[in-house]
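Let's take a friendly walk through a protein model together.

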Amino acid sequence: MSTQDVVNAGGDALAARKPTGNGVFSTVADYLRGPWCIAIYTWREGIRKKTLMGFLILSLLVIFGSTFLSAFLDPSAESDMELKLIKDICVTTISIFGVLITIFISASVVPNESENKVIYTVLSKPVRRVQYLLGKFLGVQFIIIVNLALMGGLFFIALYLRQWVLPTLLLWSILLTYFEFLIISAFTFAISCAATSSVLPTIGGLFIYITGTLTEYLKDVEVRSGQSGEFFDEMIGWLAYGLRNVLPNLQHFSLKMQILDRAPNDPPTDVLIPHLMAYGLIYAVSGFIMAYLIFRRKEL
Amino acid sequence: MKRYPHIMLFAALVASLAVGSVQGCHLRHLREAEAFYRWLLAAATHERLFRDDAGEFSDKELFDTVARKIESDIADWEVEDDQADEDVSTLSRVAGDRRHDHALWNYARGRTLKEERRRFLQLARERKLSYARDIDYAEAQAGGVNLFNLFFGFRKVAANFVWIQVDRYWHQGMMYRMIPLMKTCVLLDPNFIDAYLLGAWHLSYNATAKMPDTPPALKRWHPKYQVCLGEKELYYYLAIDFLKDGISKNPRNYKLYFDLGFAVYKNKLSDYPNAIRYLREAVRQPHDRWVPRQLYICMELNGQYAEALAGWQDYVKRFPGTDIAQEVGPRFIQRNTALIYELRAEEAFAAAAAATDPQEAEARRQEAYDYEQRAIQIWTEMKEPYAEYRLARLHALHLTEENRYMEAVAMLDKARWENPANFDDASDLMIEIKLRGGLPLSVSEKKAVLRREAGDICQGMPEDIRRQRLEEAKAAGVQHDPELLESLE
């Protein structure tokens, strides 16, 4: 973020404190104007990051290249194999690079500002810490959404050019992917609020992703615990039970893969999709509250 | 509370995590219900279609409990084109009709089957359900390192790369390496329909392309399939197993039923009753237009002319503007109509021969001639090779009735070379006429008779089955050559 940007952000935020009208709506609008300005500047700053651009270009290349992988298959066999290959590779690419982008950006926005001392300039303006955090978090979400839209858009075009039918199910898949990223992003963001550099939150973000994917293992731990009858053994079982219920389970979002190859014997997905969206939002709120709890007492 | 904002925030954090936990439990319930629903469909498909297959159906106990519990609720549900056996449960019948999928899904996630759902998860955890092994969530319940969490859920991509390797082996001609890899591929992605279809095609067509048909004397009894098989024929049954595995995991995909019925049972094994069985299932799922056409053709080949005729008439009515409805459909309608007349004529001739009253016998004979004339009229109008063959066949049968065996054989010999598609049918009839007229058989005809005699028994056959088949053959009038039987022992 350039010095001028910081001054502008602070100035806009200051302007945001001035009441513009009456009523609840205008109060909320006034309150959100500051975070909105910070979000916009976070987004501008984010899209300039070279590492992020590197991930994005790499993912776009893989998505584009997936169409050529079908050259390895036998052209005489009349099948939908090529289409399946493109779908699976693209969804996986979006998931892997999307997660990397999400973790990288969520882990770096706050620590980088601490390192650059920019945070002092912004917080010296009449901006509350919660507004600052909200702005940063929204900015991160904009970056994730834009990246996801770019990757999803290319995937959409690749699929459309193959089958000449609008792949509408892909939109649902991308939407679910975003809500999965929202959870990872919120908790990585919370860790980043406690850190002074982006290394620890990045590792933490990867850890969240891996544990979130393997939460079902805790059921196994729970079932196997207590066999010796010792208190410590049983306690592990209770702990596994508690963690399994409290930790977000990212495997629920595997529907994003399943939905693309929708088989006629699949149960209706319209039940699961709204529940998954709500699940993502609830854990995002938890992550944000956790971030604020850490950040509000942080000495700057 | 303003004095203690951190308590408020902490309470909000705990509350949001609690709400998240509740939502997580709800999602888990839905996923458990989804796994249970998929298992119900797979187990119902097994009971309806594959229960005669060898091997133990370990899921039976739980499936029967579920079937009994909802029996009264679903007893009056209508099932479209139900061809299942009498002793199949109502649940299996209902699960065969995709119109009831939503209702079954509601049962799977509802309170009625709560206890069975819990039991299902427990059995899946203990790996005691064979049809739960490839359902993601059920598989994950078993714990340990499993395919569910391998590759962090990206197993479908791994399946694609394995398939590319299968494809490479095919081009290199390494068929034996392909089979385990194909199985790995569908293990990684049980919904990989093309892998099932292409895999079965490789097994039944490409693997056997350069193999000669196994002579009956070299065939061996296969205990799993309960048939006599050579190396070539064994591949057909491996393809059948592969497709049946696919059907169990994807019971609503018509392509798997179609390939099993058409590509393997009809084209490779000429087993028309089984071909009809699976093509009928394919038609019950959302399907392409060629599927019912193949079903009607198989019905005709199996001698179910009336059903084939009704099918073609319905097809022409449903798709009136298409080329098939305008050109192909009417030909098949004529063809099946003529075949029905031929059949009726045959029945009337038989009734005439059996009648004791001369007047009735004469009336039956007239009826038979009448039907025959109608058939001849249709065949004459059709002017196509098959119609010409049928005319020649009818003519030959007439000559046989007049004891003009040599002329009948000559007529069929000419017809079979002019219509190679009916070569086997004409050859069989020639042998029959020669045997009836006491004419000498050629060397190839003698071999054909021997093949027919030894067709049902082979080396390694259990004694009880061997004895039973010999008795059946004796009852049907087939005389076994003692030397041949000895060689098979």
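Start with a pair of charged side chains: B:R364 forms a salt bridge with B:E360, and their closest N and O atoms are 4.0 Å apart. The term salt bridge stands here for a side-chain nitrogen of Lys or Arg within 4 Å of a carboxyl oxygen of Asp or Glu. Why are these two partners about one helical turn apart? Because they sit four residues apart in helix α16 (residues 358-382) of chain B. Helices here are DSSP runs of H or I with at least four residues, strands are DSSP runs of E with at least two, and both are numbered from the N terminus. B:R364 is partly exposed, with a relative accessible area of 31%, and B:E360 is also partly exposed, at 39%. Those labels follow a simple scale: buried is under 20% relative accessible area, exposed is over 50%, and partly exposed is in between (1.4 Å probe, protein chains only).

Helix α16 of chain B has another such pair to show you. The side chains of B:E362 and B:R365 meet in a salt bridge, 3.1 Å from N to O. These residues are three apart in the helix, about one turn. B:E362 has a relative accessible area of 38%, so it counts as partly exposed, and B:R365, at 30%, is partly exposed as well.

Before going further, a word on what you are looking at. This is a predicted model, in which local features need pLDDT of at least 70 and side-chain atom pairs count only at pLDDT 80 or more, while totals for chains, interfaces and linings use all residues. Residues are numbered from 1 along each chain as its sequence is written, chains are lettered from A and ligands numbered from 1 in the order in which they are written, and side-chain values use heavy atoms, leaving out hydrogens and water.

How confident is the prediction for chain B? The score to know is pLDDT, the predictor's confidence in each residue, from 0 to 100. Chain B averages 86, and 90% of its residues score at least 70. Within chain B, confidence is highest in helix α11 (residues 254-266), at a mean of 95, and lowest in helix α22 (residues 482-488), at 55. Where pLDDT is low, the predicted coordinates should not be read in detail.

Now zoom out to chain B as a whole. Its secondary structure comes to 22 helices and two strands. Of its 489 residues, 51% count as buried. Contacts (heavy atoms within 4.5 Å) also tell you about the fold: among those between residues at least 6 apart in sequence, 58% join residues at least 24 apart.

One covalent link deserves a stop. The structure holds one disulfide over all chains, a disulfide being a pair of cysteine sulfur atoms within 2.5 Å. Which cysteines does the disulfide join? They are B:C228 and B:C458, 2.2 Å from S to S. B:C228 lies in strand β2 (residues 227-229) of chain B and B:C458 in the loop between α20 (443-454) and α21 (463-475), so the pair ties together parts that are 230 residues apart in sequence. The torsion about the S-S bond is about -85 degrees, so this disulfide is left-handed. Both B:C228 and B:C458 are buried.

Next, look at where the two chains meet. The contact takes 60 residues from chain B and 56 residues from chain A. The size of an interface is often given as the accessible area lost when the parts come together. Chain B and chain A bury about 5,200 Å² between them, 66% of it on carbon and sulfur atoms; this buried area is the accessible area (1.4 Å probe) that two parts lose on being put together, summed over both. Between the chains there is one salt bridge: B:D189 pairs with A:K84, with the closest N and O atoms 2.7 Å apart. These two also belong to a salt-bridge network together with A:D88 and B:K156.

Finish inside chain A. A:K136 forms a salt bridge with A:E113, the closest N and O atoms being 2.6 Å apart. This pair links distant parts of the chain: A:K136 is in helix α6 (residues 129-163) and A:E113 in helix α4 (residues 81-116), 23 residues apart.
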